[in-house]
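Colleague: I have a model to go through with you. Can we start with the ligand and then turn to the sheet?

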Amino acid sequence: MNTQPNTQYKPKILLARAIFPQALAKLEETFEVRSNQADRVLSPEELQKELSEVVGALVTGSECIDAKALAHAKDLKVVANISVGYNNFDVPAMTAAGVMATNTPDVLTDTTADFGFALLMATARRITESEHWVRNGHWDKWSIVNNPLGMDLHHSTIGIIGMGRIGQGIAKRALGFGMKVIYHNRSRLSEADEKACHAQYVSKEELLRSADHVILVLPYTAENHHTIGVKEIALMKPTATLVNIARGGIVDDLALAQALKENKIFAAGLDVFEGEPVVNPELLKLSNVVIAPHIASATEKTRRAMVDLAVENLRAALAGKKPPSLINAEAFKT
Ligand code: 8YV
């Protein structure tokens, strides 16, 4: 019988947020894991200190990985985001520090597209507002006119801003509802992809003017901060809905709240907010906005797949292999 203590060297990694216990147990077989199953968001100072002591880190959109966070991270080789969006990464700073950056594309595409459609339907058909109406005792009779009347989705025009994988997933779902699909994107899709989505490329202004339902699915960058503000909302139809499943900051939340209050548009569905988890109190006062706590990718199956892909990225990077979803190829040294 081997009575020797297990002296196998385990590289130290940071797991910045809580994950599924089985996934943590698996990680602990290979790594010394500085875990945070309490799920508290680390302060920038705590994050900087943690990163100075590890060779790899698994983080989420709540952890900002910039030059300050990396200031003392001399042994750090990889930061794997458990998220497809990576606006929490300063990629040039990571590359300059020789740190590989990875994300989790593909595994959440369908789940997120499903949710985009669910939020759109809830918004257009006033589902959460209706539920509150019933719970608050207002339903005393069936009525043709005196109950929450919504807007149709079927055979209307959906305008998708941001036509990546998730945007295309939403377009394909819209076809089942007989909707006309128009889109705006940094670059136009190939003819084959446009055909597969039956989608027509238009300018942002034309999209805002002609869509019955506008849905935002673009990545957040400094350039598209407040892509939707007072000016853009003014172009929309008074009967239109706006859905944001992309990132807070893409919409000027205060301008949107004001527009919804004045019924400049019909309703909004929001999964993401400027300064989340704090939601602008002006939005919270309104009944024509459906609010969700950033859950577009939140099914158990998909969250497990996101964790698994992030771990695969981390393991590859620490084994000297190219991670499957490497963002900054320049940081990969063979
Ligand atoms: C994440 C998301 O859950 O992947 C994304 O970009 O918005 C969500 O799926 C969130 O960013 C937390 O990391």
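**Ligand and sheet**

Colleague: How far is an oxygen atom of the ligand from an N or O atom in the side chain of S297?

Modeller: This is a predicted model, where local features need pLDDT of at least 70, side-chain atom pairs count only at pLDDT 80 or more, and totals for chains, interfaces and linings use all residues. Residues are numbered from 1 along each chain as its sequence is written, and side-chain values use heavy atoms, without hydrogens and water. A polar contact here is a pair of N or O atoms within 3.5 Å. For S297, the distance to a ligand oxygen is 2.6 Å.

Colleague: How much of the ligand does the protein bury?

Modeller: Accessible areas come from the Shrake-Rupley method with a 1.4 Å probe. Taken alone, the ligand exposes 330 Å². The buried share of that is 84%.

Colleague: Which side chain has an N or O atom 3.3 Å from a ligand oxygen?

Modeller: S83 has such an atom at 3.0 Å from a ligand oxygen. The value of 3.3 Å belongs to R303.

Colleague: Which strands are at the edges of the sheet?

Modeller: Strands are DSSP runs of E with at least two residues, and two strands pair if DSSP finds at least two bridges between them. The open sheet has 7 strands in parallel pairing, in the order β8-β7-β6-β9-β10-β11-β12. Pairing on one side only marks the edge strands, β8 (199-201) and β12 (289-291).

Colleague: Which residue in β7 stands opposite G159?

Modeller: Strands β6 (residues 157-161) and β7 (residues 180-184) pair in the parallel sense over 5 bridges. Opposite G159 stands I182.

Methods: Helices (H or I, at least four residues) and strands (E, at least two) are DSSP runs, numbered from the N terminus. A polar contact is a pair of N or O atoms within 3.5 Å; within protein, one must be able to donate a hydrogen and the other to accept it, and residues adjacent in sequence count only if both atoms are side-chain atoms.
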